[in-house]
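Here is a short tour of one protein chain, meant to be read with the structure open beside it. Take a look at the fold, then follow along section by section.

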Amino acid sequence: MSHRPRSGLAAVSAALLAMSRHLEVRDVLKTIVASARELLDAQYAALGVPDDHGGFAQFVVDGVSDAQWKAIGPLPRQHGILAAMLHEARPERLADVRKDPRFEGWPSAHPEMSDFLGLPIKDGEDVLGALFLANKRCPKPEGSCGFTEEDEELLAILAQHAAIALTNARLYERSRELTIAEERSRLAHELHDAVSQKLFSLRLTAQAAAALVDRDPARAKGELHQVAALAAEAADELRAAVVELRPAALDEDGLIATLRTQIQVLDRAHSAHVSFDATGLRALPAAQEEAVLRVAQEALHNALRHSGADHVHVSVERRGHGAVLRVTDDGTGFDPTAVRRAGRHLGLVSMRDRAGGAGGTLTVGSAPGKGTTIEMEVPGG
């Protein structure tokens, strides 16, 4: 690499620094792809992170417009050259990818690609993804590849650092999830202790008032005043806990941005594909927004942990002055009546309580083998 100009070395340094700046997995993937395309002067670049079902959990492209990407259609499967990079974990440098015997074609809207350079992103023996470039912007003699051996070496360096950045980002997200879980557990314990003590005092004081009401009405009246005071303190404790439990992101970013971020994390963390869309929604009162968020979280938890779904879709749309949340999965489904009879319905009760507390309604549609749809409607301000 001694003959590479200083500007090239500066570009490598800039690319590595850019990757190390990001903590979110999606941002890291985008930075890797954009850096690789710019560094090697290619028309197209992409990075696929495989799932465990023959597809890709994530697939990030650079050089393709949003309209083109939408027209291309579903994410590719692990086949052809991509499969070779993932399963054989070796670089591929080709003069014309279309003439390779492993090439299996692409959708009609897919851009035409010829010369190709790709290699796996590895953490030890584990393949984290496949990074590839196409259409080197340079003169290419007939039948030769525009990407050189030096390009391959440079991309390998980038891939090594990409593996570190990607692993760090995943660890960061996992650490953040654990921190949130620990904080929720701590608050739950504090809430349980504080409110339990108040309720215990309430019970004793009410019993004392009941015992005194006939023989000493004045004292009974005093005890009832104490009941009222203890009830007010318990209500204050609960309100304080609710404020502390309310996600900071909900106050800072609003309902839609908070939901979108959480669903992106769940999509990365689970084998099921989790998607989200929002239509025409305006800001709701705080109580309604929190209820929608909590019901969405509970419904997602149920779908991802218990339904065996391959796809879970969350949508929020405007209805009048309020909103409708819908969480749909293609999992095993269940008989809601049988679940209620068996007593395994705490999640559904919790969601209905939250919907009712926000002045809304909750409906559950499910049947064995037919998936599940949770729909919640809340009024606006």
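## The chain as a whole

Of the 381 residues of the protein chain, 39% count as buried. Please keep in mind that this is a predicted model. The secondary structure comes to 11 helices and 10 strands.

The accessible surface of the protein chain is about 20,500 Å². Carbon and sulfur atoms hold 53% of that area.

## The antiparallel sheet

Let us begin with the sheet that contains E1. Five strands make up this open sheet, in the order E2-E1-E5-E4-E3, and the pairing is antiparallel. Strand E2 (56–62) and strand E3 (92–94) stand at the edges with a single partner strand each, so one side of each has no neighbour in the sheet. From one strand to the next, the twist averages 15 degrees.

Strand E1 (residues 42–50) pairs with E2 over six bridges in the antiparallel sense. Within this region, Gly48 stands opposite Phe59 in E2. Helix H2 (residues 25–39) lies across E1, E2 and strand E5 (126–136), and the helix runs at about 40 degrees to E2.

## Aromatic pairs

How many aromatic pairs does the structure hold? There are five. In one of them, the ring centres of Phe59 and Phe132 are 6.2 Å apart and the planes stand at 50 degrees, so the pair is tilted. This pair links distant parts of the chain, with Phe59 in strand E2 and Phe132 in strand E5, 73 residues apart. Phe59 is buried, at a relative accessible area of 8%, and Phe132 also counts as buried, at 9% relative accessibility.

Another pair is formed by Phe103 and Trp106, whose ring centres lie 4.8 Å apart with planes at 75 degrees, so the pair is edge-to-face. Are these two residues buried or partly exposed? Phe103 counts as partly exposed at 24% relative accessibility, and Trp106 is partly exposed with a relative accessible area of 25%. Ring pairs also link Phe56, Phe59, Trp69, Phe116 and Phe132 into a cluster.

## The mixed sheet

Now for the sheet that contains E6. This open sheet of five strands has the order E6-E7-E8-E10-E9, and its pairing is mixed. E6 and E9 stand at the edges, each with a single partner strand, so one side of each is left without a neighbour in the sheet. Neighbouring strands here are turned by 10 degrees against each other on average, direction ignored.

E7 and E8 pair in the antiparallel sense, over eight bridges, and Glu317 stands opposite Val324 in E8. Strand E9 (residues 361–366) and strand E10 (residues 372–378) also run antiparallel and are joined by six bridges. Ser366 has Thr372 in E10 as its bridge partner. Five residues lie between the strands of this hairpin, where Gly369 takes a positive phi near 80 degrees. H8 lies across E6 and E7, running at about 165 degrees to E6.

Which residues of the largest nonpolar core touch the most other members? In this core of 31 residues, they are Leu259, Val312, Leu325, Ile374 and Met376. The elements giving two or more residues to this core are helix H8 (255–269), strand E6 (273–279), helix H9 (286–306), strand E7 (311–319), strand E8 (322–329), helix H11 (346–357) and E10. H9 provides the largest share, nine residues.

Leaving aside neighbours within four places in sequence, Leu325 is in contact with Val292, Val295, Ala296, Val314, Ser315, Val316, Ile374, Glu375 and Met376. Elsewhere there is a second, separate core of 29 residues, which includes Val25, Leu117, Ile121 and Leu128.

Methods. Residues numbered from 1 in each chain as written. Predicted model: local features only at pLDDT ≥ 70, side-chain atom pairs only at ≥ 80, totals over all residues. Heavy atoms only, no water. Helix = DSSP H or I, 4+ residues; strand = E, 2+ residues; numbered from the N terminus. Buried < 20%, exposed > 50% of the residue type's maximum accessible area, 1.4 Å probe, protein only. Areas by Shrake-Rupley, 256 points an atom, 1.4 Å probe, with all protein chains shown as cover. Pairing = 2+ DSSP bridges. Axes fitted to C-alpha atoms, helices over the stretch in contact; angles between N-to-C directions. Contact = heavy atoms within 4.5 Å. Core = buried A, V, L, I, M, F, W, Y, C linked by side-chain atoms within 4.5 Å. Phe/Tyr/Trp six-rings, centres within 6.5 Å; stacked < 30°, edge-to-face > 60°.
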